[in-house]
Amino acid sequence: MLQVYNSFSRKKEVFQPLTAGRVTMYVCGPTVYDVGHLGHGRSAVSFDLIRRYLIWKGLSVKYVSNFTDIDDKMINRAAEKGITVKALAELIGPEYERDFEALRILKPDVRPCATEQKYINGMIEIISKLEKKGAAYVTSDGVYFDISKFVNYGKLSNQKLEELNSGARVEVNTEKRNPQDFVLWKLEKPGEPAWESPWGRGRPGWHIECSAMSSQELGETIDIHGGGADLMFPHHECEIAQSEMASGKQFVRYWLHNGFINVNEEKMSKSLGNFVTLKDVFVKYDPRIVRFAYLQTHYRNPISFDDSLLEQAKNALERLDGFVRRLESFPAASDVSSLTESLRVAKNKFEESMDDDFETSEAFAAIFELMKEANIAMDKNTITVLDQHAVLDFLKDIDRVFAILPSAQAELSDEIAALIQQREEARKNRDFASSDRIRDELLAKGIELEDTPRGTVWKRV
């Protein structure tokens with residue numbers, strides 16, 4: 001039975017979607033003013049894993065993740081570049097798509113952008129409802145949400161109203177009724193993008209965007225809302241207040257948040273000079289390695305990202321790749337299965353671990369234990385063809401969740417495969433000079449060979 005840690009209740013709860021067999025899931029996406037960094041990758045991979053596992057469990061998942069394409073950062077960066085905000089979004093958005101595809105992240109069912117007119121209309125509708133209920137008021141620079149009207153403000157982040165700070169992206173305004181009131185609609189300033197509204201031309205505040213997009217695509221009550229832990233306050237807190245005040249319904253049933261990224265034991269930030277983009281990491285490490293590095297740590301825990309973590313991930317994947325190649329090519333001869341029990345244990349442990357709030361480290365431990373048992377069986381020649389197929393089928397099945405096995409594109413080219421075959425022929429003919437020459441040629445091409453009692457296996461270096 002799947003249990004998830006609900007950030008709202010601060011405990012694990014049995015996961016039961018609002019509609020049996022169907023899950024609605026919204027994850028806050030990036031603001032597309034600059035290319036993605038390690039934190040964006042961590043959040044995207046975390047919720048991709050969760051989505052994939054829900055699908056693996058047989059649930060139908062509608063997954064929505066947005067791009068924020070209008071806010072102060074977008075406006076400032078566009079001005080720096082001398083282009084429009086729309087042009088900036090069209091430039092940076094595809095960069096995120098390419099990075100996420102490299103990390104093997106499934107595309108969302110819907111990728112809404114805040115500036116699409118239908119979502120602008122949805123935001124205006126929500127703000128109008130709030131104004132009618134007395135929870136929104138107009139000042140000289142825009143429309144604000146009166147947090148005193150929502151008695152449970154702070155319930156997600158567990159902060160008392162009197163102790164709250166104004167938070168990120170909240171501008172000082174002496175006309176505000178409460179220091180923590182947040183903007184719903186900003187009135188037009190010269191040179192900024194603007195849309196028509198009942199309160200005058202302007203643009204939406206940050207928080208209202210996700211409330212409108214999630215409700216339009218998934219309904220007023222959704223099963224899962226995800227994002228980084230840094231979004232819990234003020235962004236998700238404000239989403240709850242405005243959504244529940246407008247609809248009178250529970251906004252989200254399960255709040256899930258992924259942990260922070262630390263670089264060299266400090267929280268990643270531009271001010272500390274340890275800000276690392278995904279593109280920077282991909283220069284040195286295959287994105288598959290980066291994905292595995294994320295997944296080795298439980299999604300709620302912080303990750304200390306450095307070369308040692310990536311090297312560990314690289315080595316672990318090389319072990320997995322080598323095992324799969326060996327198992328696929330092994331000439332099984334035994335008639336008596338030796339892996340039935342080991343496979344049963346691995347399958348049970350995988351699902352038990354993932355059912356425990358997506359505990360990936362324990363799930364991987366079960367997989368590597370099965371690999372150990374299968375390698376022993378191959379060493380002893382006590383593995384059957386049925387064992388081979390069963391283990392490979394298991395790995396392919398759970399890779400629907402992890403997405404870390406080599407892709408078809410990662411397989412050997414015809415040229416490399418031909419060279420390996422030529423070397424095998426040279427070894428059989430005891431032409432060791434040719435064998436060594438071909439081995440060195442392959443190594444120069446990034447393919448290292450290992451001769452084992454059961455044949456030659458290869459790995460990328």
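How many bridges join strand β5 to strand β6, and do they run parallel or antiparallel? Four bridges join β5 (residues 136-139) to β6 (residues 142-145), and the two strands run antiparallel. Helices (H or I, at least four residues) and strands (E, at least two) are DSSP runs, numbered from the N terminus. Two strands pair if DSSP finds at least two bridges between them. Within this pairing, A136 stands opposite F145 of β6, and a hairpin of two residues leads from β5 to β6. Strand β6 also pairs with β7 (residues 182-187), again in the antiparallel sense, over four bridges. There, Y144 stands opposite V183.

The model is a predicted one, in which local features need pLDDT of at least 70 and side-chain atom pairs count only at pLDDT 80 or more, while totals for chains, interfaces and linings use all residues. Residues are numbered from 1 along each chain as its sequence is written, and side-chain values use heavy atoms, with hydrogens and water left out. The pLDDT is the predictor's confidence in each residue, from 0 to 100. Its mean over the protein chain is 91, and 93% of the residues reach 70 or more. Over residues 165-171, however, the pLDDT is below 50. This stretch has 16 contacts in the model beyond near neighbours in sequence, a contact being heavy atoms within 4.5 Å. Where pLDDT is low, the predicted coordinates should not be read in detail.

Next comes the chain as a whole. Its secondary structure comes to 14 helices and 15 strands, and its C-alpha atoms fill a box of roughly 90 × 50 × 35 Å along the principal axes. Of the 461 residues, 52% are buried. Buried means under 20% relative accessible area, exposed over 50%, and partly exposed in between, with a 1.4 Å probe and protein chains only. Among contacts with a separation of 6 or more, 76% are between residues 24 or more positions apart.

Strand β11 (residues 261-263) runs parallel to β13, and three bridges join them; I261 has I303 as its bridge partner in β13.

Rings of Phe, Tyr and Trp (its six-membered ring) pair if their centres lie within 6.5 Å; planes under 30 degrees apart count as stacked, over 60 as edge-to-face and the rest as tilted. By this rule there are 17 aromatic pairs. W56 belongs to helix α1 and F350 to helix α10 (residues 340-355), 294 residues apart, so the pair links distant parts of the chain. W56 counts as buried because its relative accessibility is 17%; F350, with a relative accessible area of 1%, is buried too. One aromatic cluster includes both of these residues, along with Y53, F292, Y299, F358, F364, F394 and F402.

A nonpolar core is a set of buried Ala, Val, Leu, Ile, Met, Phe, Trp, Tyr and Cys residues joined through side-chain atoms within 4.5 Å. The largest one has 130 residues, and those with the most contacts inside it are F145, Y294, F305, F350, F358 and F402. Leaving aside neighbours within four places in sequence, F358 is in contact with residues including L2, V4, L49, I50 and Y53. Apart from this core lies another, of eight residues, among them I438, L442, I447 and L449.

Two of those residues, I438 and L449, are also in contact with R423. R423 is found in helix α13 (residues 414-428) and counts as buried, at 3% relative accessibility.
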